[in-house]
Amino acid sequence: MITYSVALKSLHSFAIDALARRVIVARTETELFTFWRQASEEATCVLLLGSGSNVLFLENYSGTVLLNRITGVKIKEDSEAWHLHVGAGEVWHDLVNTCLEKRMPGLENLALIPGCVGSAPIQNIGAYGVELKKFCEYVDVLQLETGARCRLSGAECEFGYRDSIFKHNLRERHAIVAVGLKLIKAWRPVLHYGELSRLNAGQAIPRQIYDAVCAMRRTKLPDPSQQGNAGSFFKNPVITASAAENFLRRHPDAPHYPQVGGRVKLAAGWLIDRCGFKGYRLGGAALHDKQALVLINAGQATGEDIAALARHIRLQVADRFSVWLEPEVRFIGANGEVDALGVIA
Ligand SMILES: Cc1cc2nc3c(=O)[nH]c(=O)nc-3n(C[C@H](O)[C@H](O)[C@H](O)COP(=O)(O)OP(=O)(O)OC[C@H]3O[C@@H](n4cnc5c(N)ncnc54)[C@H](O)[C@@H]3O)c2cc1C
């Protein structure tokens with residue numbers, strides 16, 4: 001019989017009332033390896049967690065949650081760039097702040113993204129026209145069964161839109177322990193996205209972009225400490241050029257973004273909004289009333305409530321637009337991660 005004893009509510013941003021058998025904090029690579037091995041020897045499953053801002057617990061977790069809290073930031077400099085070696089447990093937004101305070105610009109568009117630095121490569125975090133991929137020099141990974149450590153170059157991480165090798169080949173039994181970032185000294189602002197385009201490219205300074213990004217995020221996104229959520233629940237769908245042509249003939253006002261290779265990215269929020277879902281509630285789950293891409297815990301939601309709402313939205317969007325949405329959030333079942341798409345299909 002499993003004895004569940006630790007509340008996970010404060011350890012993930014959806015704030016679902018789920019329990020785990022045990023929660024352990026790892027502050028070094030040795031601790032991470034040792035705790036993982038101990039749990040495996042006891043034949044319990046192990047879930048690595050950073051800040052829990054991209055997960056949905058569908059039920060109680062039967063194993064050990066291992067919180068990665070390996071910290072430390074080392075900075076080296078050459079004529080071209082600053083090179084940062086950052087512990088996986090550092091808080092991403094704190095790193096953005098530290099860089100700006102030390103006058104090392106580049107990360108300002110990625111301000112206020114919740115989560116740990118070690119989780120950032122997993123879905124290649126991105127916002128306001130910039131992705132982690134642009135800065136990632138390498139990722140240090142610990143093979144948890146053997147304790148072997150390896151370094152993947154940015155190219156070897158196979159970054160894509162909300163995607164990387166860490167969601168595929170290196171998904172299990174591997175822990176990211178550090179991330180190497182390169183911030184080029186010849187800084188150029190990235191202002192093509194949304195309201196940032198109002199800034200003057202010739203005069204904009206990093207702090208101004210940071211302030212604008214923080215202001216926009218605070219206005220548009222619900223604060224997880226007030227309303228449990230995991231940011232964008234669905235990925236923006238990327239469809240073929242011919243499907244896009246068809247779609248845009250019927251919906252010429254739809255926002256769309258041509259991709260390299262001819263495919264076209266659509267805005268999932270727009271599709272959901274057009275189905276009239278903003279503010280819609282199902283059980284304890286609801287769609288945020290200002291941000292159609294964000295599912296919230298409207299009070300006492302279970303993981304199943306959130307999944308049921310996601311399923312309903314996905315069906316309605318497909319019915320109306322013939323476009324199938326895919327979840328960005330990772331779903332956790334009793335014994336570990338489960339196929340999120342399978343759950344809501
Ligand atoms: C309000 C809000 C806004 C958001 N906005 C954005 C945004 O603009 N852009 C964006 O890209 N994302 C956004 N997100 C999603 C989230 O912030 C990112 O996915 C973030 O990188 C998750 O970090 P985390 O530490 O919380 O990861 P967690 O949720 O703790 O973990 C995510 C996954 O990674 C695994 N994992 C965690 N740590 C490790 C490790 N060290 N090694 C191996 N596997 C590990 C976990 O098992 C889990 O499967 C937002 C989320 C919220 C709540």
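Predicted model: local features only at pLDDT ≥ 70, side-chain atom pairs only at ≥ 80, totals over all residues.
The ligand is surrounded by 32 residues. Leu48, Gly50, Ser53, Pro114 and Ser119 are the closest of them. By type, the shell holds 14 nonpolar residues, 14 polar residues and four charged ones.

At Gly50, a polar backbone atom sits 2.7 Å from an oxygen atom of the ligand. At Gly126, the distance from a backbone N or O atom to a nitrogen atom of the ligand is 2.8 Å. Ile176 also contributes a polar backbone atom, 2.8 Å from a nitrogen atom of the ligand. On its own the ligand would expose 990 Å², and the protein buries 93% of that area. The strands β3 (46-49), β8 (126-127), β12 (174-184) and β13 (228-232) are the elements that each supply two or more residues to the shell.

Leu112 belongs to the loop that runs between α2 (92-101) and β8. Its phi is near 65 degrees, which is a positive value in a residue other than glycine. With a relative accessible area of 22%, Leu112 is partly exposed.

Gln300 is found in another loop, between β19 (294-297) and α6 (303-321). Here phi is near 60 degrees, again positive in a residue that is not glycine. Is Gln300 buried or exposed? Gln300 counts as exposed because its relative accessible area is 60%, and the cut-off for exposed is over 50%.

How values were computed: Residues numbered from 1 in each chain as written. Heavy atoms only, no water. Near = heavy atom within 4 Å. Polar contact = N/O pair within 3.5 Å; in protein donor to acceptor, adjacent residues only side chain to side chain. Areas by Shrake-Rupley, 256 points an atom, 1.4 Å probe, with all protein chains shown as cover. Helix = DSSP H or I, 4+ residues; strand = E, 2+ residues; numbered from the N terminus. Nonpolar A, V, L, I, M, F, W, Y, C, P; charged D, E, K, R; others polar. Buried < 20%, exposed > 50% of the residue type's maximum accessible area, 1.4 Å probe, protein only.
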